[in-house]
Amino acid sequence: EGKRWAGVPGPAAVQEKGAKDPARIRTRFPPEPNGYLHIGHAKSIIINFGLARDYGGLCHLRFDDTNPEKEDQEYVDTIQDSVKWLGFDWENKDKNYCNLYFASDYFEYMYEFAIALIKNGDAYIDQQSPEEMRQTRGTLTEPGIDSPWRNRPIEESLTLFQEMREGKHPNGSMALRAKINMQSPNINMRDPVIYRIRHASHHRTGDKWSIYPMYTYAHPIEDALEGITHSFCTLEFEDQRPFYDWLLAKLSELGLLRHPLPHQYEFSRLNIKHIVTSKRKLLQLVNEGFVNGWDDPRMPTIVGLRRRGYTPASLRLFVERLGVSKSDSHIDYSVLEQALRDDLDPIAPRAVAVLDPIKLVITNLPEDYEEACFAPINPHQPEAGRREFPLTRELWIERDDFREDPPKKYFRLFPGNTVRLKYAYVVRCTGFVKNEQGKVTEVHVEYIPDTKSGTPGSDSVKVKGNITWVSTKYAVPATVNLYDRLFTDPAPDSGDKNFLDYLNPNSLTQVQAWLEPGIDTTAGHQWQFERLGYFIADPDSTKEKPIINRSVTLRDSWV
Ligand code: ATP
Ligand code: MG
Ligand code: MG
């Protein structure tokens, strides 16, 4: 605790820091602790922390906890985890700083600053109802109408504001408004509310306060107190910038802030097709059981993406590829997936798995036959060495690698055709067995001697198909979760659509698969399963009970 608070600045403390090192860039990531972070927040984290890192500056993690009802310590904890997982830190023990802040630590300043504004004639207590305030705000084409309380004596406003703080007035009975200009073409400048009454318990300040600052008032003050130089936000806040500047100019005129003052910059929100990112909607998916929790691998939350197998580097790559711009766009989900493939391809170990197994019998091998086969751990890293697994008489192959009646250009197994069993021999299909329902249960082949991969003359028999397999005797059984898009519509919450109408009923398929013997299926291991995609062992996976999640297929399946 001691150390954290040592870093929390009063206005003077920050100014000293700023003065020593005025050129240094300082950014902040300011989440509200009212939900789990999602991929959009990842963009903001990577921009804010990434810029600070690239320019030798600092980035603050600041909880914007000015809205007591929906906030909770659970969210504070998960947000910290997610930022760290993405590869960033707000704390540096060697350099002795900890840039972790809570807006609620500034409530006293915000209150004092509000009193200064009232005394200076720049704010007043309005006793109109919230409904009346809305109605007199005007519209884009109509100017607003001055409140009857707008010119009340300063002393009256001071007394009422004090009483608001003391909890003497009910919610909604009055509010503190900045006194700017009800005729402004910018609606946000028409005397915005800066404090409202909320008889609510706050997750950190408890019942100390019955008034809470509005986000638009609190945020510029937080930035200024912390000496932030670049305050990045999404484009919706562009129209708030005049108020941001107005407020900071006023407070510095009053001698409450010193220069340089922070500046707000806007960038476009990240929108991705086929997902929703609104916290309210994500909460609904969790609470109503459409997914298995915040970290369900189908969720666009950072914890969900992580469980799905997304790496911090893949998310940083994704955000870097998009760049920072002001153009609002809806990104294809496949761009995110490609970033993961590009990150994993050079580093992920390879393994073989069979997801939809059918038995293959090599009829010209003896029952107890065993021969070691070798494959690279990762073809991009010869130095990583090779893995070994046995060839036996009976194997599992993918059901789709055999056709009784092959379509045109089908080069895998069908009666009479030859294919290579990858890392082993060329085999010729000699027949198959069907059960009473007409389903193929076994495929029969004969291997062709002297064709083993990696031996001289192995390519004496030319084949066009190369199929993966595992020995039925040694394969490891596993539950594999195959994920598809959570929503069938590219913009499930646009217009007046109800996003729940577009849930994909097949977004999760569980299969019983067979894995290459010897692979470590404890939580967190990741592989490329050859020909199938990238996979990760789920946090619940163990050696005894492997549970594997497919992160992404090898090729784009979204087209
Ligand atoms: P939501 O609308 O999903 O509830 P929010 O913007 O209210 O999100 P905050 O916790 O206030 O959530 O966001 C913290 C920071 O993350 C803000 O600076 C915000 O601009 C940024 N952010 C949130 N969503 C996105 C997004 N989709 N793209 C880029 N930045 C985002
Ligand atoms: Mg917000
Ligand atoms: Mg929001």
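This is a predicted model: local features need pLDDT of at least 70, side-chain atom pairs count only at pLDDT 80 or more; totals for chains, interfaces and linings use all residues.
Helix α5 passes helix α7 in a right-handed crossing. Helix α5 runs over residues 107-119 and helix α7 over residues 154-165, and their axes come within 9 Å and cross at roughly 160 degrees. Angles over 145 degrees count as roughly antiparallel, and α5 and α7 are therefore roughly antiparallel to each other. On the α5 side, the contact uses Y111, A114, I115, I118 and K119. Facing them, α7 supplies I154, S157, L158, F161 and R165. Sorted by class, that contact has seven nonpolar residues, one polar and two charged.

Next come the domains. The chain splits into four pieces, and two of them are pieced together from separate stretches: domain 1 takes 2-107 plus 214-267, while domain 3 takes 279-348 plus 478-553. Domain 2 covers 120-213, and domain 4 covers 353-468. Domain 1 and domain 2 have their C-alpha centres 25 Å apart. Where these two touch, 22 residues of domain 1 and 21 residues of domain 2 take part. Which elements give two or more residues to the domain 1 side of this contact? They are α8 (215-225) and α9 (241-253). The largest share of that side comes from α9, with four residues. Taken by class, the domain 1 side holds 10 nonpolar residues, along with six polar and six charged.

Those two helices, α8 and α9, also pack against each other. Their axes come within 9 Å, crossing at roughly 60 degrees. The crossing of α8 past α9 is right-handed. Helix α8 brings T216, Y217, P220 and A224 to the contact, and α9 answers with F243, Y244, L247 and L248. By class, the residues of this contact come out as seven nonpolar and one polar, with no charged ones.

For residues 25-345, an unreviewed UniProt entry lists "domain: Glutamyl/glutaminyl-tRNA synthetase class Ib catalytic". The end C-alpha atoms of that span lie 35 Å apart in the model, and its make-up is 38% helix and 15% strand. The unreviewed UniProt entry also lists "short sequence motif: 'HIGH' region" for residues 31-41. How far apart do the end C-alpha atoms of residues 31-41 lie? The separation is 8 Å, and the span is 27% helix and 0% strand.

Conventions: Residues are numbered from 1 along each chain as its sequence is written. Chains are lettered from A and ligands numbered from 1 in the order in which they are written. Domain bounds come from an automatic or database domain assignment. Two residues are in contact if their C-beta atoms, placed from the backbone, lie within 7 Å. Ala, Val, Leu, Ile, Met, Phe, Trp, Tyr, Cys and Pro count as nonpolar, Asp, Glu, Lys and Arg as charged, and the others, Gly among them, as polar. Axes are lines fitted to C-alpha atoms, for helices over the stretch in contact, and angles run from 0 to 180 degrees between N-to-C directions. Angles under 35 degrees count as roughly parallel, over 145 as roughly antiparallel, 65 to 115 as roughly perpendicular and the rest as oblique. A crossing is left-handed if the near helix is turned anticlockwise from the far one by less than a right angle, and right-handed if clockwise. UniProt positions are given in the numbering used here, feature names are shortened, and annotations may be inferred rather than shown by experiment.
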